[in-house]
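Okay, thanks for making time, everyone.

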Amino acid sequence: MRDLSTFLHDYGDSHRHPVNQWVHIFCVPAIFVSTLGLFWLIPVGQWLGLEGAAAYWVNGGTLLAVLCMPFYLRLSMGVSLLMLGWLAVSIAVVTLVDRSALSLGWSALVLWLVAGAVQVWGHKVEGKKPSFTDDLVFLLVGPVFVSLELAYKLGLSRTPGHGRPS
């Protein structure tokens with residue numbers, strides 16, 4: 001399996017244009033939380049006969065998160081902790097929406113479609129296709145890349161998301 005540096009470099013190859021980078025900094029978190037929200041609607045706990053809180057928390061979103069974590073653990077403990085942070089914030093947003101008057105399904109779907117469309121535009125600006133079209137694992141690399149890219153843009157890191165100093 002490729003290492004973190006290789007993943008970031010390969011992902012970064014189609015994310016060099018500053019406009020596309022900013023598009024991803026905003027849209028990747030939106031897609032992350034909305035994807036979790038859409039999977040959250042799959043009532044795995046109910047299908048398993050669970051009740052109450054167990055039925056609520058055992059769902060497609062939490063199972064998706066559990067299935068993705070070994071990939072992040074393989075990359076590094078730091079990446080795992082970073083992605084646990086993403087997951088914690090996303091679960092907080094999903095549960096807030098789910099417990100509000102808003103429809104979680106419609107909210108997540110609209111957010112996912114709008115953010116996805118904006119990212120397609122970002123790649124048109126870039127002039128390169130999205131990395132995930134060659135390898136779906138880049139869907140998991142995107143949040144790591146944008147975290148590192150944002151830290152670089154905010155002056156919190158000397159290395160941009162693609163891992164090569166500018």
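So, salt bridges to begin with: searching the whole structure turns up four of them. By salt bridge I mean a side-chain nitrogen of Lys or Arg within 4 Å of a carboxyl oxygen of Asp or Glu. Before I go through some, a word on the source: this is a predicted model, where local features need pLDDT of at least 70 and side-chain atom pairs count only at pLDDT 80 or more, while totals for chains, interfaces and linings use all residues. Residues are numbered from 1 along each chain as its sequence is written, and side-chain values use heavy atoms, with hydrogens and water left out.

One of the four pairs Asp135 with Arg2, side chain to side chain, at 2.3 Å from N to O. This one ties together distant parts of the chain: Asp135 sits in the loop between H7 and H8, Arg2 in the segment before helix H1 (4–12), and the two are 133 residues apart. The helix numbers, by the way, follow DSSP runs counted from the N terminus (helices are H or I, at least four residues; strands are E, at least two).

How exposed are the two partners? Asp135 has a relative accessible area of 24%, so it is partly exposed, and Arg2, at 30%, is partly exposed as well. The cut-offs there: buried is under 20% relative accessible area, exposed is over 50%, and partly exposed is in between, with a 1.4 Å probe and protein chains only.

Next, Arg16 and Asp13 form a salt bridge, their closest N and O atoms being 3.1 Å apart. Arg16 is partly exposed at 34%, and Asp13 is partly exposed at 30%. Then there's Asp134 with Lys129, a salt bridge at 2.9 Å, N to O. Here Asp134 counts as exposed, with 57% relative accessible area, whereas Lys129 is partly exposed at 49%.

Have a look at the nonpolar patch of about 860 Å², made by Val19, Trp106, Leu109, Val110, Trp112, Leu113, Val114, Val118 and Trp121. Patch residues have over 30% relative accessible area and no salt bridge; like charges are joined within 9 Å, and nonpolar side chains (Val, Leu, Ile, Met, Phe, Trp, Tyr) within 5 Å. The areas are Shrake-Rupley with a 1.4 Å probe, and for residues only the protein chains shown count as cover.

Which helix gives the most to that patch? It's H7, residues 104–126, with eight residues. Trp112 lies in H7, and that tryptophan is partly exposed, at 38%.

Now helix packing. Two packed helices are described by the angle between their axes and the distance between the axes. Axes are lines fitted to C-alpha atoms, for helices over the stretch in contact, and angles run from 0 to 180 degrees between N-to-C directions.

Take H2 (residues 18–40) and H8 (residues 138–153): the angle is about 135°, with axes 9 Å apart. That makes H2 and H8 oblique to each other; under 35 degrees counts as roughly parallel, over 145 as roughly antiparallel, 65 to 115 as roughly perpendicular, and the rest as oblique. H2 also packs on H6 (residues 77–98), at about 60° with the axes 9 Å apart, so H2 is oblique to H6.

Last one: Leu64 in H5 (residues 60–75) is partly exposed at 27%. Leu64 and Trp40 are 24 residues apart in sequence, and 9.1 Å apart in space, C-alpha to C-alpha.
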